[in-house]
Amino acid sequence: MDLFEYQGKQLFARSGVPVPEGRVAVTPDEARSAAEELGGRVVVKAQVQVGGRGKAGGIKLASSPEEAAQHAAAILGMDIKGHTVRILWVERASAIADEYYVSFTLDRGAKQHLAMVSARGGMDIEAVAAEDPEAVVRLHIDPVVGLTPWQASELVYRAGLDRGTARLSAAALASLYRAFVDLDCDLVEVNPLILTSDGEIVALDSKVTLDSSAFFRHPEFPAFREAFAEDPIEAMAREAGLNFIKLDGSVGIIGNGAGLVMSTLDVVSLVGGAASNFLDVGGGAGSDTITSALRVLTEDPTVRAVLVNIFGGITRCDLVARGIVTALDSLELPWPIVVRLDGTNAEEGRAILGEEAAGRVVPAETMLEAARTAVDLAGGGR
Ligand code: GDP
Ligand code: MN
């Protein structure tokens with residue numbers, strides 16, 4: 001699970017990594033108050049889980065609360081590589097003397113942790129790494145021993161970070177590595193880690209990926225996800241245990257297994273339509289899951305027809321059919337449903353639909369036929 005920059009910084013602060021003081025804001029007014037509270041110059045930063053916000057115009061310096069509000073108004077709603085900005089982080093501006101790059105990841109091949117440090121951090125690190133790989137120092141860390149003080153210094157010296165503040169940078173590396181291990185991260189990346197004009201070392205950005213399989217060890221982590229101001233439909237789907245992704249077409253898709261759902265999306269576009277979502281009910285879905293999946297789609301006003309495509313394996317088509325009947329009986333489904341059932345208990349499933357949902361669902365024999373019908377019913381085209 002990827003965290004927002006501000007969430008990563010909150011974790012860094014707890015591990016003793018210096019970060020600028022800041023506030024979350026979701027409206028221009030909140031950005032103005034945040035700037036007032038912080039005082040002086042601030043940076044207004046788009047919170048999206050994708051890099052390159054600076055280059056996309058999602059990071060702006062403001063010298064007054066009024067200016068912070070103006071930047072906030074411009075940045076909120078902005079699209080950065082397909083991510084809509086809904087949250088801002090307003091933080092006290094830093095005076096940058098130098099920008100470094102630091103990351104800790106797991107090198108699975110080497111069965112060790114890998115540290116990467118460069119004195120040439122900032123927005124062009126990818127170009128630096130490509131043109132001058134030597135500028136990024138790599139060092140493996142034995143996960144049992146951890147990052148030794150000696151190694152932290154070695155990274156600082158080999159990367160050519162400022163000598164006068166070497167102790168501070170080494171301490172920041174040690175704290176970041178501790179955060180990486182203690183929080184069960186897959187990735188901790190700080191670009192830039194800055195040297196300020198006052199001679200301090202501060203994490204100015206954060207990219208943290210938590211290992212979701214370690215969540216049981218961190219009861220506080222689910223709160224990070226809740227703070228995501230997730231799309232309400234996605235939140236509802238997640239609560240129902242469904243794997244849902246919003247897309248921009250008009251054909252609602254429900255399938256079992258990510259592979260089948262992906263191919264259903266492809267077939268829908270092949271016949272000239274566009275899916276309004278990806279929704280995988282998972283393996284072994286029972287009737288409740290199917291009912292929930294249909295309920296989730298009722299929340300999406302862009303859906304004009306629904307295509308249920310099930311290839312029964314451990315999932316039983318008769319249970320799927322039961323779930324559809326329950327949804328038809330208990331929910332107001334505003335669109336036609338095309339159903340293609342194949343595999344385990346498909347015949348039983350079709351019989352149930354024939355008896356209890358006759359005229360209320362459109363049966364289809366094949367995926368192609370199902371897709372054609374659903375696209376037609378959705379009004380065709382995109
Ligand atoms: P990214 O573009 O998504 O990686 O966002 P960053 O948080 O790394 O910010 C991009 C760039 O904005 C940094 O490399 C800095 O050059 C600049 N920047 C961010 N915060 C500050 C700040 O407090 N003061 C100054 N002067 N520049 C900043
Ligand atoms: Mn950055």
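Lysine 111 counts as exposed, at 68% relative accessibility; buried means under 20% relative accessible area, exposed over 50% and partly exposed in between, with a 1.4 Å probe and protein chains only. Lysine 111 lies in the loop between strand S7 (96-107) and strand S8 (112-118), where helices (H or I, at least four residues) and strands (E, at least two) are DSSP runs numbered from the N terminus. Its phi is positive, about 55 degrees, although lysine 111 is not a glycine. Most residues other than glycine have a negative phi, and most peptide bonds are trans.

This is a predicted model, in which local features need pLDDT of at least 70 and side-chain atom pairs count only at pLDDT 80 or more, while totals for chains, interfaces and linings use all residues. Residues are numbered from 1 along each chain as its sequence is written, chains are lettered from A and ligands numbered from 1 in the order in which they are written, and side-chain values use heavy atoms, leaving out hydrogens and water.

Asparagine 345 also has a positive phi, near 55 degrees. This residue sits in the loop between strand S17 (337-343) and helix H12 (346-356) and is partly exposed, with a relative accessible area of 25%. A cis peptide bond, with omega about 10 degrees, joins asparagine 191 and proline 192. Proline 192 belongs to strand S10 (residues 185-196).

Four strands form an open sheet in the order S1-S6-S2-S3, with antiparallel pairing; two strands pair if DSSP finds at least two bridges between them. Strand S1 (22-25) and strand S3 (59-62) are at the edges with a single partner strand each, so one side of each has no neighbour in the sheet. Strand S2 (residues 42-46) and S3 run antiparallel and are joined by four bridges, with valine 43 opposite leucine 61 in S3.

Two helices lie across this sheet's strands. Helix H1 (residues 5-14) lies across S1, S2 and strand S6 (88-92), at about 45 degrees to S6. Helix H3 (residues 65-75) lies across S2, S3 and S6, at about 165 degrees to S3. Contact means heavy atoms within 4.5 Å; axes are lines fitted to C-alpha atoms, for helices over the stretch in contact, and angles run from 0 to 180 degrees between N-to-C directions.

Helix H10 (residues 287-298) and helix H11 (residues 317-330) pack at about 45 degrees, with their axes 7 Å apart. The contact is made by Ser287, Ile290, Thr291 and Leu294 of H10 and by residues of H11 including Leu319, Arg322 and Ile324.
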